[in-house]
Amino acid sequence: MTRISRKLRNWTYEKLDLPQDIVFNLPRLTLIGNKELLIENHNGVIHFSPEKLILSLSQGSLEIEGAELMIRSILPREVMIEGTVRNIKYIETEESH
Amino acid sequence: MKIPTLVYWRGYVGITVRNGHLESFINDLTQMGIPVWDVKPSASQSAEMKVLLSDFYALRPLLKRTGCRVHVNTRIGFPFQMTKLKKRRFFAIGMMAFFAILFLLSSLIWDVKVVGNVKIATDDVLVVAKKEGIYPFQWIFRLNHLDELSLQLNRKLPGTAWVGVDRKGTTITIQVVESSLPETKPLLSPRHLISRTDAVVTSIYAEQGLPLVAKNSRVKKGQILISGLLGDTENSQSVVAKGEVKGLVWREYNIEVPTVQKHKVYTGEIKNKSYLVLGNLGVQLWGYGKVPYAKYDVVTEQDPLTWRSTKLPMGWMTEHVMETEERSEVITIEEAKKLGIEGAIRDIIAKYGIDSTIISRKILHEKKENGKVYMKVLFEVEEKIAEELPIAYNQGD
């Protein structure tokens, strides 16, 4: 993301009061109990095992811990996870631009 | 975020992917827009997942790139069922043939019923119906429209007011409503009414024709009572004489009645013979032995087996052998006379019509001789005396 475009986005967010997930491509998580988790705006799977699932995000990554995790379905920007969710960890990394 | 639609009909496979970079394989799948669902990782760098059958061969380049190996676990869906069926071809053919035969047989007419006809014979209706294409083993789809059929049948069957054709499944019901026609009167040729016997007229009523006699007049046998010729000799017309003429007639009866009356009575002794009937053959089962009676009557009772209303050619037959006895009864002269007169009155009514009435009776003579009563009785009877005589045309002129 270039500097100018980021500034433009920031400006539209402030002026138009749009949700951040649309403007900044931030992830939106919908957690139903601890059974189902819908994550929008992910950038792909980094690690996947029954106990741990790491998804890449536009900034940083998301680590989900639990048991018997499975991907119910997956699309380029969306993923639906089923299983027992115990821990959702947001790992921030400095943007490298 | 859904599993693709109609996965059963499109067919899908459950595969295990292992020995490679699983995460990048999944990422590649999503990037290429290949739907994948139910991704279950197992402990050691492998995962089970489901993909559509049509996408299966598109996986190959991805597998190569990520160094994964694939193994097909389950094949689910209609395309796989079809290949299974292809192997069991005769089973499939049989199944198809079953439905085809079921369909064909149910599109035949099996039964044609005719209801509501009284005067018109069922066979006549069926013959006309057959011309219109309604008969057993006809294809239902070859039938005309039912309204048209009923119209045609109504037109072709004389004496019907309305004909309804109704189809329920494989049965055609033809409902016939007969038109009520006026009764056809028998055609009569011109005639006179003449006297059948010598009599005194007690009443005469001419419905048509010219009465020639009056009440209380004596008539001879053969005399014209009501003439069928109207008009004079120049302008004459012959008609059918109709009417009712009653007259007094004397009838003499010689009656003889025996004073000893013989009756046949059952003594109450009975012997049963039972037969098993098979077709025309009867096998006696019970009641063997000679009949111990001097005089007897045999009453046969048939009891065939029936199924619904059809008699079967087997069953049971019982012969009742009943002893009879002749008893003679002596009656008095009064009773004998009464019996004789009653017999004579029955004879009169049987011979001269049921509306004959006995006006009076007179016993002219009676005697008892050789155990019999002889009587001569004169009955005065009022009865119908008219008889028809056709008018013969004089063709010589």
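Trainee: Leaving aside neighbours within four places in sequence, which residues is B:Ser195 in contact with?

Mentor: B:Ser195 is in contact with B:Val219, B:Lys220, B:Lys221, B:Gly222, B:Gln223, B:Leu225, B:Ile385 and B:Glu387. Contact means heavy atoms within 4.5 Å. Keep in mind that this is a predicted model, where local features need pLDDT of at least 70, side-chain atom pairs count only at pLDDT 80 or more, and totals for chains, interfaces and linings use all residues. Residues are numbered from 1 along each chain as its sequence is written, chains are lettered from A and ligands numbered from 1 in the order in which they are written, and side-chain values use heavy atoms, with hydrogens and water left out.

Trainee: Why is B:Ser195 called buried?

Mentor: The relative accessible area of B:Ser195 is 1%. Buried means under 20%, exposed over 50%, and partly exposed in between (1.4 Å probe, protein chains only). So B:Ser195 is buried. The residue is found in strand E8 (residues 191-195) of chain B; strands (E, at least two residues) and helices (H or I, at least four) are DSSP runs, numbered from the N terminus.

Trainee: And what makes B:His365 partly exposed?

Mentor: B:His365 has 46% relative accessibility, so it counts as partly exposed. B:His365 lies in strand E20 (residues 357-369) of chain B and touches B:Tyr374, B:Met375 and B:Lys376, not counting residues up to four places away in sequence.

Trainee: Why does B:Leu6 count as exposed, and where does it lie?

Mentor: B:Leu6 is at 58% relative accessibility, so it counts as exposed. B:Leu6 lies in the segment before helix H1 (7-10) of chain B. Its phi is near 50°, a positive value in a residue other than glycine.

Trainee: What about A:Asn41: why does that one count as buried?

Mentor: A:Asn41 is at 15% relative accessibility, so it counts as buried. Its place is in the loop between strand E2 (36-40) and strand E3 (45-48) of chain A, and phi of A:Asn41 is near 65°, a positive value in a residue other than glycine.

Trainee: How many aromatic pairs does the structure hold?

Mentor: Nine, over all chains. One of them is B:Phe98 with B:Phe99, 5.2 Å centre to centre and 70° between the planes.

Trainee: What makes that pair of B:Phe98 and B:Phe99 edge-to-face?

Mentor: Rings of Phe, Tyr and Trp (its six-membered ring) pair if their centres lie within 6.5 Å; planes under 30 degrees apart count as stacked, over 60 as edge-to-face and the rest as tilted. B:Phe98 and B:Phe99, at 5.2 Å and 70°, therefore form an edge-to-face pair. B:Phe98 is also partly exposed, with a relative accessible area of 48%. Elsewhere, ring pairs link B:Tyr8, B:Trp9 and B:Phe78 into a cluster.
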